[in-house]
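Please walk me through this protein structure.

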Amino acid sequence: DGLESTLFSGSAKVVYRSSTCCGEDPPESIDAVEDQNDDAKALIEALGGSYVDVYDLYDYDDILDGTATFDETHPSKENCLTINLMTLEALDQLDGSPCTSGDGGGGRS
């Protein structure tokens with residue numbers, strides 16, 4: 001109840017992004033991360049928020065070969081940009097804004 005009332009007080013718009021693969025101690029932590037993501041998705045969607053699923057951007061093999069992260073835990077620059085755009089697009093959808101679609105804002109032609 002404390003988290004719900006904090007997140008959804010007043011007219012706040014909530015966008016929650018999932019955790020990426022694979023946790024602090026893969027592969028043992030993968031199930032825990034997936035369970036956490038499932039619980040968060042159920043809560044956020046039940047309360048009318050937007051859940052951004054970034055878990056499937058890469059998997060454990062991508063981490064091992066060095067293409068997904070810069071330190072075997074945190075997303076690479078490219079993946080961070082993708083995650084940020086996905087999050088902004090979800091916020092735009094909640095807010096009814098065309099910002100990330102290229103159709104609006106700024107008063108420029």
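Cys22 sits in the loop between β1 and α2. A cis peptide bond links Cys21 to Cys22, with omega at about 25°. Most peptide bonds are trans, and most residues other than glycine have a negative phi. Glu72 has a phi near 70°, which is positive although the residue is not glycine. Glu72 is placed in the loop between α3 and α4. With 54% relative accessibility, Glu72 counts as exposed.

Some ground rules come next. This is a predicted model, in which local features need pLDDT of at least 70 and side-chain atom pairs count only at pLDDT 80 or more, while totals for chains, interfaces and linings use all residues. Residues are numbered from 1 along each chain as its sequence is written, and side-chain values use heavy atoms, with hydrogens and water left out.

Now the overall layout. The protein has four helices and two strands. Starting at the N terminus, the elements follow the order α-β-α-β-α-α. Helices (H or I, at least four residues) and strands (E, at least two) are DSSP runs, numbered from the N terminus. Of the 109 residues in the protein, 26% are buried. Buried means under 20% relative accessible area, exposed means over 50%, and partly exposed lies in between (1.4 Å probe, protein chains only).

How many aromatic pairs does the structure hold? It holds one. Tyr16 and Tyr51 form this stacked pair, at 6.1 Å centre to centre and with 15° between the planes. Tyr16 belongs to strand β1 (residues 15–17) and Tyr51 to strand β2, so the pair ties together parts that are 35 residues apart in sequence. Rings of Phe, Tyr and Trp (its six-membered ring) pair if their centres lie within 6.5 Å; planes under 30 degrees apart count as stacked, over 60 as edge-to-face and the rest as tilted. Tyr51 is buried, at a relative accessible area of 13%. Tyr16 is partly exposed, at 29%.

Ala90 and Val15 are 75 residues apart in sequence, yet 6.8 Å apart in space, C-alpha to C-alpha. Ala90 is in helix α4, and its relative accessible area of 6% makes it buried. Tyr60 and Pro27 are 33 residues apart in sequence and 7.4 Å apart in space, again C-alpha to C-alpha. Tyr60 is in helix α3 and is partly exposed, with 24% relative accessibility.

Leu85, Leu88 and Leu91 make a nonpolar patch of about 250 Å². Patches are made of residues with over 30% relative accessible area and no salt bridge: like charges are joined within 9 Å, nonpolar side chains (Val, Leu, Ile, Met, Phe, Trp, Tyr) within 5 Å. A salt bridge is a side-chain nitrogen of Lys or Arg within 4 Å of a carboxyl oxygen of Asp or Glu. Accessible areas come from the Shrake-Rupley method with a 1.4 Å probe; for residues, only the protein chains shown count as cover. Leu88 is in helix α4 (residues 77–95) and is partly exposed, at 46%.

Which helix gives the most to the negative patch? Helix α2 (residues 30–46) does, with five residues. The patch includes Asp31, Glu34 and Asp59. Asp and Glu count as negative, Lys and Arg as positive, and His and the chain ends are not counted. The place of a charge is NZ of Lys, CZ of Arg, CG of Asp or CD of Glu. Asp59 lies in the loop between β2 (50–52) and α3 (60–64). Asp59 is partly exposed, at a relative accessible area of 38%.
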